[in-house]
Amino acid sequence: MLNYGLVLEGGGLRGLYTSGVIDLFLEKGIKFPLVIGVSAGAGYGCSFVSEQYGRNLRILREFRKDPRYLSLGSYIKTGNYFGLDFIYGEIPKYIPFDTEAFLASQTRFITVCSNLETGEAEYFDKDQDILQALKASSAVPFMCRIVEHRGKKLLDGGIADAIPLKRSIELGFSKNVVVLTHPAGFRRKKSFHPSWFFYRKYPKFIEAMGSYVDRYNESLEFAEREAEKGNVILIRPSKDLKVKRTESDIPKIEQLYELGKRDAESACAFIQPPVPYAPSPTPSTNPKAAP
């Protein structure tokens, strides 16, 4: 187990790049003491912690074309363009998630969600309710219904903390591997969004939506600065395959997965910590984490 934190950005179907990266890690037997994931990064990252090689790619191959997975019909019927109940409730019946292995793993796994009432990030540690936390983290604003978990109203973790590198550092990991789903040079641009109409009951969340682009770009620049200092190994697409968040082209998705494996192979030469990870006798506290 390496003395690095592993930080996984979201990105919907672009997250198959992340799946390729973490499957390459599984091939090489690389483990991390901390995995912190956002939205699709959390959804795909849990299969890394349960050591289920290829599970994420198999799900996309078998279910991406199913209208219950992602479609306008799903939005009309359920209020979720991404069929979260289907993805996290039904698919595990066909392609099981190894909850026992996941919970038994020595790796600490944190799912990032956005709290509508505070506009701030909520960090949930792994437990038996992991699928509900993943559902909340993946609930894209405007495209999905609000998810309630542990008495909190939640949506996509990317709004509050899209690249949770600082959170990993706060938890004691000065060295991190950060997996992004956009190529080098990417920056978000501001655009109109009707958050005032959809979320007028939640002014703090509207504020968070308003500052999202600036905060995302700041987080990205922070990760790049830490990489220049040698504290972060950045893994991101070495070329732009133009894969959309809602991509439906399966061969294109497979190409992105293979790109992730190749890029991770190149990055592995740098993942050589001076000492192996040793758990702290007094673990860092996380007041917002689930017990």
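Select phenylalanine 186, which is partly exposed because its relative accessible area is 21%, where buried means under 20%, exposed over 50% and partly exposed in between, with a 1.4 Å probe and protein chains only. The model is predicted, so local features need pLDDT of at least 70 and side-chain atom pairs count only at pLDDT 80 or more, while totals for chains, interfaces and linings use all residues. Residues are numbered from 1 along each chain as its sequence is written, and side-chain values use heavy atoms, with hydrogens and water left out.

Phenylalanine 186 and tyrosine 216 form an edge-to-face aromatic pair, 6.3 Å centre to centre with 80° between the planes; rings of Phe, Tyr and Trp (its six-membered ring) pair if their centres lie within 6.5 Å, and planes under 30 degrees apart count as stacked, over 60 as edge-to-face and the rest as tilted. Phenylalanine 186 lies in the loop between strand 7 (176-179) and helix 10, and tyrosine 216 in helix 11 (residues 203-229), so the pair ties together parts that are 30 residues apart in sequence. Here helices (H or I, at least four residues) and strands (E, at least two) are DSSP runs, numbered from the N terminus.

Keep tyrosine 216 in view and select arginine 188, whose charged end sits over the ring of tyrosine 216, 4.5 Å from its centre; this requires NZ of Lys or CZ of Arg within 6 Å of the ring centre and within 35 degrees of the ring normal.

Finally, select Phe142, Trp196, Phe197, Phe198, Tyr199 and Phe205, which form one aromatic cluster.
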